[in-house]
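Dear colleague,

Please find below the sequence and structure for your review. My notes on the findings follow directly after them.

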Amino acid sequence: MAAIIKATDLNYVYSEGTAFEQHALRQVNFEIPEGQFVGLIGHTGSGKSTLIQHLNGLIRATSGTLEFEGENIYQSGYDMKKLRSKVGLVFQYPEHQLFEIDVFSDVCFGPKNMGWSKEEIEANAKQALTMVGLDESFYDLSPFELSGGQKRRVAIAGVLAMKPHVLILDEPTAGLDPKGRDEILDEVAELHRKYHMTIVLVSHSMEDVAKYVDRLLVMNHGEKVFDGTPREVFRHYKELEAIGLAAPQVTYLVHGLREAGMPIDEDITTIEEAKQAILGAFSRQSGGKMRWTK
Ligand code: ADP
Ligand code: MG
């Protein structure tokens with residue numbers, strides 16, 4: 001598959017040449033193929049938000065290049081406005097930017113700047129609200145009458161209504177309770193499954209993203225330190241821990257059981273896989289009886 005985004009040797013320095021200089025990205029390289037669901041993980045301050053703002057041109061790299069759909073976005077005459085509509089960025093706590101009188105008007109706000117007809121704007125807003133699971137009964141509500149998770153979905157719909165090719169969400173679960181968190185993550189996974197969108201999901205929690213994404217990019221101190229499928233990345237669970245990123249709980253369970261002699265695959269990353277593997281190990285050894293001897 002063709003890369004929709006390609007970053008080469010990206011560096012970014014905040015306040016360069018001042019006492020507040022902060023080297024936030026160091027020699028970051030990656031390609032994202034069209035349609036991939038990527039988890040961008042890292043401890044607070046590792047450079048995740050800085051990196052994603054490069055992807056839609058809000059921040060310009062201090063050095064390095066960035067290509068979108070095969071074009072260098074730093075070449076002169078490149079249409080940054082178009083880039084911003086194609087790479088939809090949902091900021092952290094996006095509900096702070098809801099301000100229109102009702103849900104529908106809010107979702108129409110972004111598309112109104114796209115130069116589309118009223119019919120197109122409304123059709124895209126409706127489709128976007130459907131995509132995040134909000135039906136017509138929500139259209140006339142004030143954003144302030146909604147739950148935390150619903151507000152966040154309205155904010156995501158506002159970005160989707162601009163028909164982006166890539167959707168980037170910066171810590172979309174921050175501050176939500178477990179139910180709201182699961183709902184948002186399921187919704188995002190659904191966008192990938194149903195509409196095959198290219199998605200970058202930013203999180204500081206492995207547990208949150210591991211079961212959804214195709215690939216993990218792990219950042220530490222501005223550098224990309226791991227890049228691979230969740231399975232590949234979790235093999236480094238001890239190194240991940242050293243940079244403040246615990247692997248999902250199930251990784252520890254699986255490694256503990258292996259150390260105790262149970263022959264199960266070390267690459268298990270989800271509770272469901274662990275359950276099947278543990279039941280399988282029991283049934284192989286004891287004909288299905290729940291008994292295990294080393
Ligand atoms: P993350 O999103 O992973 O928490 P950030 O990209 O926000 O990380 O930050 C990366 C580094 O850049 C941190 O050291 C942070 O303090 C610094 N930084 C972020 N924003 C600014 C800014 N506007 N001015 C100066 N330094 C910043
Ligand atoms: Mg951040």
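Tyr 93 lies in the loop between strand S6 (87-90) and helix H3 (103-112); here helices (H or I, at least four residues) and strands (E, at least two) are DSSP runs, numbered from the N terminus. The phi angle of Tyr 93 is near 50°, a positive value in a residue other than glycine. Tyr 93 is partly exposed, with a relative accessible area of 34%, where buried means under 20% relative accessible area, exposed over 50%, and partly exposed in between (1.4 Å probe, protein chains only).

Asp 9, which belongs to strand S1 (residues 3-14), also has a positive phi near 50° and is not a glycine. Asp 9 is partly exposed, at 33% relative accessible area.

Please note that this is a predicted model, in which local features need pLDDT of at least 70, side-chain atom pairs count only at pLDDT 80 or more, and totals for chains, interfaces and linings use all residues. Residues are numbered from 1 along each chain as its sequence is written, chains are lettered from A and ligands numbered from 1 in the order in which they are written, and side-chain values use heavy atoms, with hydrogens and water left out.

I turn now to the charged pairs. Side chains of opposite charge can pair when their charged atoms come close. A salt bridge is counted when a side-chain nitrogen of Lys or Arg is within 4 Å of a carboxyl oxygen of Asp or Glu, and the model contains 15 salt bridges by this rule.

One of them joins Glu 183 to Arg 153, with an N to O distance of 3.3 Å. This pair links distant parts of the chain, since Glu 183 is in helix H6 (residues 178-195) and Arg 153 in helix H5 (residues 148-160), 30 residues apart. Arg 153 is buried, with a relative accessible area of 11%, whereas Glu 183 is partly exposed at 29%.

A further salt bridge connects Arg 231 and Glu 273, whose closest N and O atoms are 2.7 Å apart. Here too distant parts of the chain are linked: Arg 231 is in helix H8 (residues 230-234) and Glu 273 in helix H11 (residues 271-286), 42 residues apart. Both residues are partly exposed, Arg 231 at 33% relative accessibility and Glu 273 at 25%. Salt bridges with shared partners also join Arg 153, Lys 179, Glu 183 and Glu 187 into one network.

Within helix H6, Lys 194 and Glu 190 are four residues apart, and therefore about one helical turn separates them. Their salt bridge has its closest N and O atoms 3.6 Å apart.

Yours sincerely
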